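Student: Hey, I just opened this one and I'm new to it. Can you walk me through it?

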Protein chains: 2
Amino acid sequence: MAHPTDFELYGFWRTSATYRVRVALHLKGLRAEERVINLDAGEQLSPAFLAINPLGAIPALVERGHPPLTQSLAILEFLDETHPAPPLLPADPHGRARVRSIAAMLAGDTHPLITPRVRKYLAGVGGFDDAAIKAWMTHWFGAGLAAVEQRLASEAATGAFCHGEALTLADICLGSITVLARVNKLTLPPLPTIDRIMARCEALEAFANADPLKQEGAPKAA
Amino acid sequence: MAHPTDFELYGFWRTSATYRVRVALHLKGLRAEERVINLDAGEQLSPAFLAINPLGAIPALVERGHPPLTQSLAILEFLDETHPAPPLLPADPHGRARVRSIAAMLAGDTHPLITPRVRKYLAGVGGFDDAAIKAWMTHWFGAGLAAVEQRLASEAATGAFCHGEALTLADICLGSITVLARVNKLTLPPLPTIDRIMARCEALEAFANADPLKQEGAPKAA
């Protein structure tokens, strides 16, 4: 196990990508000092944070003596390679490909569409009002989760978790999207397989503790 | 080397994600029969293709006896694990994390914003006209590539390629976005480091042969 102060995690209560890293650190038994970068206040572009990550992007996982690690899936793969127990990927290449594919449907196809910078463009340049922004988010969360539901409900490899009986990257990514849909109070299509898997995940301390509403800076009664 | 008919690649001339798989197959010395799924004609939702991939998503790499592999980065990781030479990732975890992070900035943060389904929503629901769609694409390609340019120009790990002196996943993803920007005739900010690395990549047969304009179904004089 790494020393508690070996990592600093720069993140924000609400972001899906920070959630993914938080869950993975907990599962691996690693602790990171979490540093709040308030996206609503534009702190990701402050000189203090740009000195840490010139890209102004969170999450950034900082390990002493190394450049910041960025991009949640790259960070999860790094944690899995450097701290292999418990594994976040199955052992066989086909299983690993399936898990990474489900993870990419969520963290890749779905999440980038509803980030603050995209909503800002739609509101500013695209003339979207609040209702149109909410419809946009509902559409893409719904489409992304419905596609994953279809896979999970129909593919033989699905088990108690997204892939068999062990938790993987795919479950972490699924949690990061379903939790964000809940925070944003979005109305989604029925997702029975996802609901079943998420109930199992959210019973685990790693998922429960990563809940956005439990983080520093979260609204008190959301 | 796998038998030439071990894989079928379902793709389309223009898509960035198909390009990535095409380059990786070539680099690994693997051959796949490419099956054209004409997105403009809606063939991704045809019963024939849905029987192969119920998600209606390309690229899909089909290996006999296995479910289709989907999501380009998951496919590239699979090919790298099952056919390790030449490697598409460096050997050290920090280097692997950097390469995966750059790849995710392109295939994850940038590409999902400009896919046909997103442009269709913007045109249909959002009321974007052709000029607004082009401005949208120019904005996100420009922002994504400028962020990668900033990293490549400033980070010590950049070499002849995105990461040191060997080609990686990051270069494949970079090529897939720069080529698509060219096909769409987008006006981008100056990208001197990216231009230098791409000149090196495009001198390689794997990149040259994957050029969208050389594929079946591409317009004759674009």
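Student: Which residues of H4(A) meet H7(A)?

Tutor: Keep in mind that this is a predicted model. From H4(A), the residues are A:Val99, A:Arg100, A:Ile102, A:Ala103, A:Leu106, A:Ala107 and A:Thr110. On the H7(A) side they meet A:Leu169, A:Ala170, A:Cys173, A:Leu174 and A:Ile177.

Student: And how do the residues of that contact divide?

Tutor: The contact of H4(A) with H7(A) has 10 nonpolar residues, one polar and one charged.

Student: At what angle do those two helices pack?

Tutor: Helix H4 of chain A (residues 93-110) and helix H7 of chain A (residues 169-183) pack at about 25 degrees, and their axes are 8 Å apart. That angle makes H4(A) roughly parallel to H7(A).

Student: Is the crossing left-handed or right-handed?

Tutor: H4(A) and H7(A) make a left-handed crossing.

Student: OK, switching topic. How is chain A divided into domains?

Tutor: Domain 1 of chain A covers 9-86, and domain 2 covers 93-212. Their C-alpha centres lie 19 Å apart. In the contact, 14 residues come from domain 1 of chain A and 19 residues from domain 2 of chain A.

Student: Which helix gives the most to the domain 1 side?

Tutor: That's H1(A), with eight residues on the side of domain 1 of chain A that touches domain 2 of chain A. By class, that side has eight nonpolar, three polar and three charged residues.

Student: Now the other chain. How many residues of chain A are in contact with chain B?

Tutor: There are 37 residues of chain A in contact with 37 residues of chain B. Chain A's side has two or more residues from each of several elements: strand S4 (69-70), H3, H4, helix H5 (116-124) and helix H6 (130-154).

Student: Which of them gives the most?

Tutor: H4(A) does, with 11 residues on the side of chain A that touches chain B. That side divides into 19 nonpolar, 11 polar and seven charged residues.

Student: What rotation superposes chain A on chain B?

Tutor: A rotation of 180 degrees, with 0.0 Å of shift along its axis, and the RMSD is 0.0 Å. The two copies are thus related as by a two-fold rotation axis.

Student: Which residue of chain A comes closest to that axis?

Tutor: A:Gly108 does, with its C-alpha at 2.3 Å from the rotation axis.

Student: Last one: why do you say the copies meet through the same surface?

Tutor: Because 100% of the interface residues of chain A are also interface residues in chain B.

Notes:
Residues numbered from 1 in each chain as written. Chains lettered and ligands numbered in written order. Predicted model: local features only at pLDDT ≥ 70, side-chain atom pairs only at ≥ 80, totals over all residues. Axes fitted to C-alpha atoms, helices over the stretch in contact; angles between N-to-C directions. Helix = DSSP H or I, 4+ residues; strand = E, 2+ residues; numbered from the N terminus. Parallel < 35°, antiparallel > 145°, perpendicular 65-115°, else oblique. Left-handed = near helix turned anticlockwise from the far one by under 90°. Contact = placed C-beta atoms within 7 Å. Nonpolar A, V, L, I, M, F, W, Y, C, P; charged D, E, K, R; others polar. Domains from an automatic or database assignment. Least-squares fit on C-alpha atoms with pLDDT ≥ 70 in both.
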